[in-house]
Amino acid sequence: MNIEKEFTEIYSTHASKVYRLCLGYASGDEDRAKEWQQETFIKVWKHTKSFKQESSIGTWIYRIAVNICLGDLRKSKKHTHINENILASNIVDTGEKKHDDQIAKMYHCINQLTKSNKTIVLLELEEIPQVTIAETLGVAHGTLRTRLSRIRKALLKCITNEK
């Protein structure tokens, strides 16, 4: 299989998950998420030959995306806050607004987590297998499950206590 066709398959398989992962780090800033997604796949393209296949290609790509997002956030030293207008822009009725408010609150709480815990939650929200998340972060699967349990409790507490 030629490299362009292989890359196209990799891109079509992982692009949407990488975008949503980046969107979580960008706190809803779609332009920033698209930029990070593009940077991720540029790196994937440039370094495909150096991929050692010690983990799945997805694990490798998610790690690249996380590193790009965190690196850019570190460089800019400014943390953006979720733009609630993005979530509320297509509101039809009050029930939908309440749901959007809950989503905004959830992302606000996710943004309060440590970088490592935020990474875990964003990957989990993308329904990436826990084994893959553990490999991406370099932790044991049991350790990841314990951390996820603690993170869920912290998020629940944040969501229910903040008004």
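Okay, let's start with a term: buried means under 20% relative accessible area, exposed means over 50%, and partly exposed is in between, with a 1.4 Å probe and protein chains only. By that rule Arg32 is buried, because its relative accessible area is 11%.

Quick housekeeping. This is a predicted model, so local features need pLDDT of at least 70 and side-chain atom pairs count only at pLDDT 80 or more, while totals for chains, interfaces and linings use all residues. Residues are numbered from 1 along each chain as its sequence is written, and side-chain values use heavy atoms, with hydrogens and water left out.

Now the overall picture. The protein chain has 8 helices and 0 strands, where helices are DSSP runs of H or I with at least four residues, strands are runs of E with at least two, and numbering goes from the N terminus. Of its 163 residues, 37% count as buried. The chain exposes about 10000 Å², with carbon and sulfur atoms supplying 51% of that; areas come from Shrake-Rupley with a 1.4 Å probe, and for residues only the protein chains shown count as cover. For contacts, read heavy atoms within 4.5 Å. Take the contacts between residues at least 6 apart in sequence: 62% of them join residues at least 24 apart.

The rule is a side-chain nitrogen of Lys or Arg within 4 Å of a carboxyl oxygen of Asp or Glu, and the count comes to 3.

Back to Arg32: its partner is Asp72, with the closest N and O atoms 3.5 Å apart. Asp72 sits in helix α3 and Arg32 in helix α2, so this pair ties together parts 40 residues apart in sequence. Asp72 is buried too, at 19% relative accessibility.

Next, Arg20 with Glu126, where the closest N and O atoms are 2.7 Å apart. That pair links helix α1 to the loop between α6 and α7, 106 residues apart. Arg20 is partly exposed at 38%, whereas Glu126 is buried at 11%.

Then there's Arg152 with Glu124, at 3.0 Å between the closest N and O atoms. Here helix α8 (residues 141–161) is linked to helix α6, across 28 residues. Both ends are partly exposed: Arg152 at 45% and Glu124 at 23%.

While we're in the loop between α6 (115–125) and α7 (130–137), look at Glu127. Its phi is positive, about 60°, although it is not a glycine. Why bring that up? Because most residues other than glycine have a negative phi. Glu127 is exposed, with 68% relative accessibility.

His14, in helix α1, has a relative accessible area of 10%. Neighbours within four places aside, His14 contacts Phe41, Ile57, Gly58, Ile61 and Tyr62. Thr59, in helix α3 (residues 57–76), comes in at 3%.

Last stop, the surface. Which residues gather in a patch of negative charge? They're Asp29, Glu30, Asp31, Glu35 and Glu39. Patch members need over 30% relative accessible area and no salt bridge, with like charges joined within 9 Å and nonpolar side chains (Val, Leu, Ile, Met, Phe, Trp, Tyr) within 5 Å. Asp29 sits in the loop between α1 (3–25) and α2 (30–47) and is partly exposed at 31%.

How values were computed:
Lys, Arg positive; Asp, Glu negative; His and termini not counted. Charge placed at Lys NZ, Arg CZ, Asp CG, Glu CD.
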